[in-house]
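Let's walk through this protein together, one part at a time. Keep the 3D view open and turn it as you read.

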Amino acid sequence: MVKVHIRFNPSWVLSKRSDEALPVDRVIPVLTEKYSLEVISKGAAEIVGTLKLKAGEDCKSAEKDIMAVLLGFYSDALVNCRVEVFEEEDAEDREADRSVRFSSEYEPNVTRTSNDREEDREDPKDEINSMVGAENFKALIGEIDKLAYGIHSLDSTDTFLERNYLFAVNEGDGYSYMLTLLSMMMDYHRLGYERDRKLPRKREIRMPPPSTSKEAPTPISVPGSIMDKLNDPSGMILSFDISSWVNEVSSEDFHLFIRVLKDYAHSAVVVFRVPYLESKALNRLYLELNRQMFIKAVPITPLGIDQLCSIAERRLADKGFKIREEALSIIGERLAEEHRSGKCYGIKTAEKVIAEAILEKALNYPDDNIIRADEIMNISSFAADRDKSGEELLEELIGIENVREKLYEVISAVEVTSKEKSGEHPCIHMRFVGKPGTGKTTVARILGKILKERGVLREGRFFEHSGRDLVGAYIGQTAPKTAQMCRDAYGSVLFIDEAYSLYVNSSDSKDFGREALTTLIAEMENHRDDMVVIMAGYTDDMEELMKGNSGLRDRMPYKIEFPDYTREQLCSIFLKMASKYYVLGDGLEEAAKDFFDKMTDAYMNEKEFGNARFSRNLYERTLGKAAVRCSISGEKLKELTVEDFSKAIADGEFSEAAKNRKSLGFL
């Protein structure tokens, strides 16, 4: 039985953090199978355990064999890993030889113990300073770096553990990574008690939401169960996500939780995490926590699209890829699409988009490691339009002649005013009013492209949100959430659908729509030369919104009405979609014209009628029927037939469209 000690370069391990498994987790199963490895301790960059060598095998040959295993996984393992295999009876002497003094001007008499790892001697400041964004976190690390000298001079390192933290940071903006770096900084400067190396650097716990039942247990049970499992969490970072308690921090339950936590976590650093909040709400939360614990607040400004693009470029470089500027622009457009879906989680989403780009490159253009725009067009639903100008795209739209004319008037006025000697940029925020499916979203997206081509906007991207997307779930979350959406849209178009949902004609203090509007109006005024806000919705509802907020009306001088489509226009839209990729079978065009001609006025005049969306849904239903037909026959789908169309219009909403509706009353 011999001992094995495998140590990885910590910076190298950090570069592998996006892999499915860290190096330690990849090598353990192999060593277990080959050498019956029994793990004594494991960290992110270290494994200590025992091995059973084969007959005739010595420690040196085992070291070479293990290194060969590592090289099988990683070509650069030779310079980033250290493998030591030695007889168990020599372990104590070897550990003593490896003990080193902590090289520091302020701690000359401290000797590192046998449990110290190579990672603990690494200075993480370079890694921290290279982070994109997170300026307040970098400032915290700089403060700790300066604090270390004084705290050691005063022989008061235990006092450092008395200070805990409140991080206001959104999901996906690197919070877990920051905790790891904070722990590494603590180890580097020996700020805290000796940490049990068998325990992880940090433990993250999401607090359950407040209970509405009187019989349900309160959150005070959480710290007790955690500490019992950890036994002694000395030197660890304990993170508690208290997002669901932001509005309840004054409650007795929460105060009890803090008091119990203090009793348990006296030797660990506690970090509370909440979403990014506006300063007033964050300060209120800080004061509540600081009443019972020594707290430092660390607000982390959310990452914007440009910052995520920078992260994407770095991650691609780490993977050995170069990316052209135009291709990076497509990455930005893809990230903007994720924002529009409301499912953007910062760095995690950026890494997902990176994977999409690499896989697209590998599938079709694997000849080199340079990513070009034309190679990753498919990852963005709007990238295919890059070869056409905004005006060409606008001219292709059916049934918006009056809208097109009005937009060109606005654009021309903006260009003329911008060239005047006064240099004052005109306000071009707009209102798009009309029923659903009349082209408001499509026109707004194309408008951003036109304004970029005319030099009015820097980026010309398109960010779409519903009115209620601007509203936060907690007190103090709405203003920064709205401000962040505006920051993302600087140089671009911010499109807010169903904007009227922000206005509630009541004194309900729990509705944060007014707070969102106040923040939005300030952003519209302060960035009138670098952002176009377009609010969209039903005509009557949008007028009610304008009446409820005169400041909003003053800042949205342009109102563009989108009329309903005629039967002929709806039919043209359907046929244009159907003929774009498929052949139209005999009789299909005539059948479509007959169907749209028979649509009743009552159906088309309903408030919820989808206009062009109706035509698109009918096309997709027809395509679905054709796909089923071809799957049964084994044919390749090339043609849409009149039979496919007939089956489509027999379904649900389409069958209702052409029915003659009888009015109530006597016949």
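Two strands are said to pair if DSSP finds at least two bridges between them. With that in mind, look at strand β3, where the bridge partner of Lys 42 is Ile 47. Do bear in mind as you go that this is a predicted model.

The protein chain comes to 28 helices and 18 strands. Of its 667 residues, 49% count as buried. If you take contacts between residues at least 6 apart in sequence, 74% of them join residues at least 24 apart.

Now back to β3, which covers residues 46–51. Strand β2 (residues 38–43) is joined to β3 by five bridges, and the two run antiparallel. Strand β1 (residues 2–8) also runs antiparallel to β3, with six bridges joining them. In that pairing, Lys 3 has Thr 50 of β3 as its bridge partner. How many residues of β3 are buried? Six of the six are, so the strand is largely enclosed by the rest of the structure. You can see this on either side of the strand: Glu 46, Val 48 and Thr 50 point one way, Ile 47, Gly 49 and Leu 51 point the other way, and all are buried.

Let's move on to another sheet. This open sheet has five strands in the order β13-β14-β15-β12-β16, with parallel pairing. Its edge strands are β13 (462–466) and β16 (558–561), each of which pairs on one side only. On average, neighbouring strands of this sheet are turned by 20 degrees against each other, direction ignored. To see one of the pairings, find β12 (residues 430–433) and β15 (residues 531–537), which pair in the parallel sense over four bridges. Here Val 433 stands opposite Gly 537 in β15. Helix α20 (residues 513–526) lies across β14 (492–497) and β15, and runs at about 140 degrees to β15.

Where do they sit around the helix? Just after α13 comes Gly 320, which takes a positive phi of about 90 degrees.

Another helix worth a stop is α9 (residues 175–188), which holds Thr 180. Thr 180 has 15% relative accessibility and counts as buried, because buried means under 20%. Leaving aside residues up to four places away in sequence, Thr 180 touches Arg 201 and Lys 202.

Finally, let's turn to the charged side chains. The count of salt bridges comes to 42. In one of them, the side chains of Asp 145 and Lys 125 meet at 3.4 Å, N to O. Asp 145 lies in helix α7 (residues 135–153) and Lys 125 in helix α6 (residues 125–129), so the pair ties together parts that are 20 residues apart in sequence. Asp 145 is partly exposed at 26% relative accessibility, whereas Lys 125 is buried at 19%.

Helix α7 also holds Lys 138 and Glu 135, which are three residues apart and separated by about one helical turn. Lys 138 forms a salt bridge with Glu 135, with the closest N and O atoms 3.6 Å apart. Is Glu 135 buried or exposed? Glu 135 is exposed, with a relative accessible area of 52%, while Lys 138 counts as buried at 16%.

The side chains of Asp 241 and Arg 273 meet in a salt bridge as well, at 2.8 Å, N to O. Asp 241 lies in strand β7 (residues 237–241) and Arg 273 in strand β8 (residues 269–274), so this pair ties together parts that are 32 residues apart in sequence. Asp 241 is buried, with a relative accessible area of 9%, and Arg 273 is buried too, at 5%. Elsewhere, salt bridges that share partners join Asp 306, Arg 458, Glu 459, Arg 461 and Asp 530 into one network.

Terms used. Residues numbered from 1 in each chain as written. Predicted model: local features only at pLDDT ≥ 70, side-chain atom pairs only at ≥ 80, totals over all residues. Heavy atoms only, no water. Buried < 20%, exposed > 50% of the residue type's maximum accessible area, 1.4 Å probe, protein only. Contact = heavy atoms within 4.5 Å. Axes fitted to C-alpha atoms, helices over the stretch in contact; angles between N-to-C directions. Salt bridge = Lys/Arg side-chain N within 4 Å of Asp/Glu carboxyl O.
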